Amino acid sequence: MTGLNLNRAEFIRSAAAPKQFLRSSLPKVAFAGRSNVGKSSVINRLVNRRQFAKVGATPGKTIHVNYFDIDGKLWLVDLPGYGFAKVSQEERDRWAKLMESFFAEDGTFDAGVLIVDARHKPTADDVRMAEYFKRSGRAFVVLANKLDKLKKSEIDPAMALIRETLRLTEGTELIPFSAEKGDGREDLLGWLLRLL
Ligand code: GDP
């Protein structure tokens, strides 16, 4: 008994502009991360479906917010990826405007999941996104994805570097995660269940 049937997951709608943001009385969990960090793969792993959130979608075509209903109990809000080197200034501006509204408006989300790459020092964009979540005052968790690419001995120093770079307080959970292998899924699920 998990209390959340992840097999009951459905795409609801995309929002390309702030006026299309959806409101709901259900807890809304925003997933954020750099393009290519594996955000779609993390979501697919969570709901155990290969093609649920798309993997490797073309950058620039993904500047919208995707809403998914999970078991009629929680909404997963997939934010557009950031930090892709090859997008135009126009696309960057569109991303920034959409995200500024998302974080400034009331009722757009209740909690956050920030996904970073376990192998690398978080980027300046990752640090900025962590600041967005901190300033929002909502609970958020950080996933260090692609854990399977690290050697055992590299894990602790990598987690320490992420904690330090994102300046996470002790109360903020950092979950080593592998969308590929499934590590961390139960921890993420546990964290989500506490929001219900
Ligand atoms: P997104 O742009 O953040 O949605 O990233 P995707 O989910 O499309 O993943 C980007 C690439 O990273 C794909 O080639 C995935 O197969 C790969 N990837 C995602 N998660 C993992 C992981 O945990 N381990 C490994 N080794 N590769 C991963």
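**Close-up 1. Arg138 lies over the face of Phe109.** In this predicted model, the distance from Arg138 to the ring centre of Phe109 is 4.2 Å. Phe109 also belongs to an aromatic cluster.

**Close-up 2. Phe21 and Phe102 form an edge-to-face pair.** The structure holds 12 aromatic pairs. For Phe21 and Phe102, the ring centres are 5.4 Å apart and the planes stand at 90°, so the pair counts as edge-to-face. Phe21 sits in the loop between strand 1 (9–15) and strand 2 (28–33). Phe102 sits in helix 2 (residues 89–104). The pair therefore ties together parts that are 81 residues apart in sequence. Phe21 and Phe102 are both buried.

**Close-up 3. Phe133 and Phe140 form a stacked pair.** Centre to centre, the rings of Phe133 and Phe140 are 5.5 Å apart. The angle between their planes is 15°. Both Phe133 and Phe140 are buried.

**Close-up 4. Strand 2 is largely enclosed by the rest of the structure.** Six of its six residues are buried, which means that strand 2 is largely enclosed. In a regular strand the side chains alternate between the two faces of the sheet. Here, Lys28, Ala30 and Ala32 point one way from strand 2. Val29, Phe31 and Gly33 point the other way.

**Close-up 5. Strand 2 runs parallel to strand 4 and to strand 5.** Four bridges join strand 2 to strand 4 (residues 74–78). There, Phe31 stands opposite Asp78. Five bridges join strand 2 to strand 5 (residues 111–117). In that pairing, Ala30 stands opposite Gly112.

Terms used:
Residues numbered from 1 in each chain as written. Predicted model: local features only at pLDDT ≥ 70, side-chain atom pairs only at ≥ 80, totals over all residues. Heavy atoms only, no water. Phe/Tyr/Trp six-rings, centres within 6.5 Å; stacked < 30°, edge-to-face > 60°. Helix = DSSP H or I, 4+ residues; strand = E, 2+ residues; numbered from the N terminus. Buried < 20%, exposed > 50% of the residue type's maximum accessible area, 1.4 Å probe, protein only. Lys NZ or Arg CZ within 6 Å of the ring centre and 35° of its normal. Pairing = 2+ DSSP bridges.
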